[in-house]
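Reader: I'm new to this one and could use a hand. Could you walk me through a few features, with the general idea before each case?

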Amino acid sequence: MPDRFPLIPIRDIVVLPYMIVPLWIARSRSILAVEKAMAGSKKVLLVAQKNALTEDPIPEDMYEVGTVAEILQVAKNQDGSIKILIEGMDRARIIKYVNTRGIFEVKAERVKESSKKTPEIEALMRTVKKIFQKYGELSPKIPGEFLNSINSFNQPGKLVDVIASHIKVKTEIKQQILESFHHEDRLKKMIEILAGEIEILGVEKKIQGRVTEQIGKTQKRFYLHEQMKAIEKELGKGSKDGDEISELKAKIKEAKMTKEAEEKANKELEKLAKMHSMSPEATVVRNYLDWLIGVPWSKETPDKLNIKKSGKILDQDHYGLEKAKERILEFLAVRKLVKKLKGPILCFVGPPGVGKTSLARSIARALGRKFIRVSLGGVRDEATIRGHRRTYIGALPGKVIQSIRKAGKRNPVFLLDEVDKMSVDFRGDPSSALLEVLDPEQNQEFNDHYLEVDFDLSNVMFIATANVIHNIPLTLLDRFEVIDFSGYTEMEKVKIANKFLITKQLKLNGLNSDLLEISDKTLFSIVRYYTREAGVRNLEREIASICRKAAKLIVEKKRKKKIKVLPGNLYDFLGNKKFRYNKGEEKAEVGVVTGLAWTEVGGEILSIEVAIMEGKGELTLTGQLGDVMKESGQAALSFVRSKAKELHLSEDFYKDIDIHIHVPEGGIPKDGPSAGVAMAVSLASALTNKSIKKDIAMTGEITLRGNVLPVGGVKSKVLAAHRSNIKTVILPQENKKDLDEIPLNVRKKMQFVFVKNTDQVFKKAGILK
């Protein structure tokens, strides 16, 4: 016959019969269930939750089998919760929930247990007792009194329930024992559980034994180590650790550090002497001392102050670049007169392949100094320059200190390559960290985060390289002495090829001048039709390609006769021509003007095309143009409209037409104001139907009043025009001063027209008379 009980859901515990256990009740529904039970039979049904995290369970969240328990004591707490002491009595299966609103009330049927004992049950009981004895020996949590009393249990059900209440297993496993109604099943389940727990305890004991043994060995080693030190001290002998400390002390003295660094090193050495040699902290201190000792505090290379000899070395390694060479020789001259001179901080700016990095290496050779190079391209972490603090695992000094230690001298030539390609992110701004490094007034006290002491960088000769100057932060640029590398003329490229590149590639490809000959005319053809660059990097690649083809011919055909590469057979070695050269000899067209542009890889010629169509007065600009270049196009149109009368155009000519300005090679982004003049001329050409000669190129910024403003990159632009066989270049009047930078042989071959306003440009182009 089912009985009616108040139900209390319980978490993280399964109450079994014969258990006396305290429970803390905090949920209001469960407190009401306790109060109702105390007002009646003092009996409740305790049922475990399937998920202990469920705060407000419903019938589906609880198991169907629980334990009928009697409340022995009730105590109220100050926070409103209650503590009860209960004793488990019988298993019970829930038949029906009769109330779920205020409190849970159920009808449950108690499970009656058989008192019959079979030989099999007796055997299983003995096995359980035996295994539990073994479990008790391994587990320190089982009281000895309970282990001794286990043999006195004769009821199989009570035996399993009492043992289950003393072992620590998951709630789900204890629930399985609670739901095992037959003695035989319950005993077998207990044997299975105990066997698994014994195996786990055995592994735990083995692991604990190993740990204890290791700790014991370490303690023993430390004890013996300390004893050895004490004995050796008594005998007047030094220990191994003592020898290391003495060795480090001698190295600190030999390093000739600054006073601050030596004090820091001795302080760290004292700490190391008190530490156990095997401790992690000792390794950190030892590494720090190694870095302090390894930095060249006083070692430096004497400068070679023979100016003539240094000049010869620079000329041997590089053709041209007179401005940069002159600056180095000036430094040597001043260095000879002044004993203590702060190293200059130069910045070589120019397109790729013009020899910026190799010249820095050559400068080191001319001065007789060590050369170190750090590439800053893509660097975005301040710690790359300043290092990490010692609190970080695996901390190291920054690239500056690392490189100087590697050089072994405190006055190397230090190349900061690609300084314009640094980035910024959440880890800091490396360009800001360079401010201290590159400031002659501050870098004598450069403080690396790892070393934590000042290091003098004033003797270092810093050279930075960059492709473009506008990507360098202004505060950093202010510290540089900028030397511009504009590019080479055709003649200079041919001379560089003859003097350096051909010799180098012949050697690399196992050839010599007796096996392969490349004439000057051939080199001119390579420069004009196979390369289009300010430097000589692609020229060297093409020469290398010729050498490889020649090597293949020699090996395959076993040729001993010299191979001559001429303009006529150049196709056999390099294939089809890659570029057009005689731009200036092309047919003149209406609405097409040759402009001049400056890019990161040097100067370029730029065709500007204008098309006139019937329309509604709209202006379209295409060719992937930037905002500044688009504004130049609009300014050019406004100027042309203001000149309608002089150009013999009607006042409202623009109302019935659409104008399209296009700059070819639309895949390449273009921007800047220097195409304004060329746009104005191309517009005037299209509107007046007058063609412009292709051998005229122009550059300059235009204003609404028609004034022509100066532009940058004149040398690179003129060299680009020269490469394309342009005969006449129109430049702003204020750029006349830049003509001195252009090689004399180029100036002789070209005509330069300097203008103040656009009317002068129109007259030179043939638009106005």
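Reader: Is Glu-418 buried or exposed, or something in between?

Author: Go by relative accessible area: under 20% is buried, over 50% is exposed, and partly exposed is in between, using a 1.4 Å probe and protein chains only. Glu-418 comes out at 24%, so it is partly exposed. Keep in mind that this is a predicted model, where local features need pLDDT of at least 70, side-chain atom pairs count only at pLDDT 80 or more, and totals for chains, interfaces and linings use all residues. Residues are numbered from 1 along each chain as its sequence is written, and side-chain values use heavy atoms, leaving out hydrogens and water.

Reader: What is the phi of Glu-418, and where does the residue lie?

Author: Its phi is positive, about 55 degrees, although Glu-418 is not a glycine. Look for Glu-418 in the loop between β9 (413–417) and α15 (430–437); helices (H or I, at least four residues) and strands (E, at least two) are DSSP runs numbered from the N terminus. Lys-42 also has a positive phi, about 65 degrees, without being a glycine. Lys-42 sits in the loop between α1 (28–39) and β3 (43–48), and is partly exposed at 37%.

Reader: How do I read a pair of aromatic rings?

Author: You describe the pair by the distance of the centres and the angle of the planes. Rings of Phe, Tyr and Trp (its six-membered ring) pair if their centres lie within 6.5 Å; planes under 30 degrees apart are stacked, over 60 edge-to-face, and the rest tilted. That rule gives 7 aromatic pairs here. One of them joins Phe-653 and Tyr-654, edge-to-face, with 5.8 Å centre to centre and 90 degrees between the planes. Phe-653 is buried, at 10% relative accessible area, while Tyr-654 is partly exposed at 22%.
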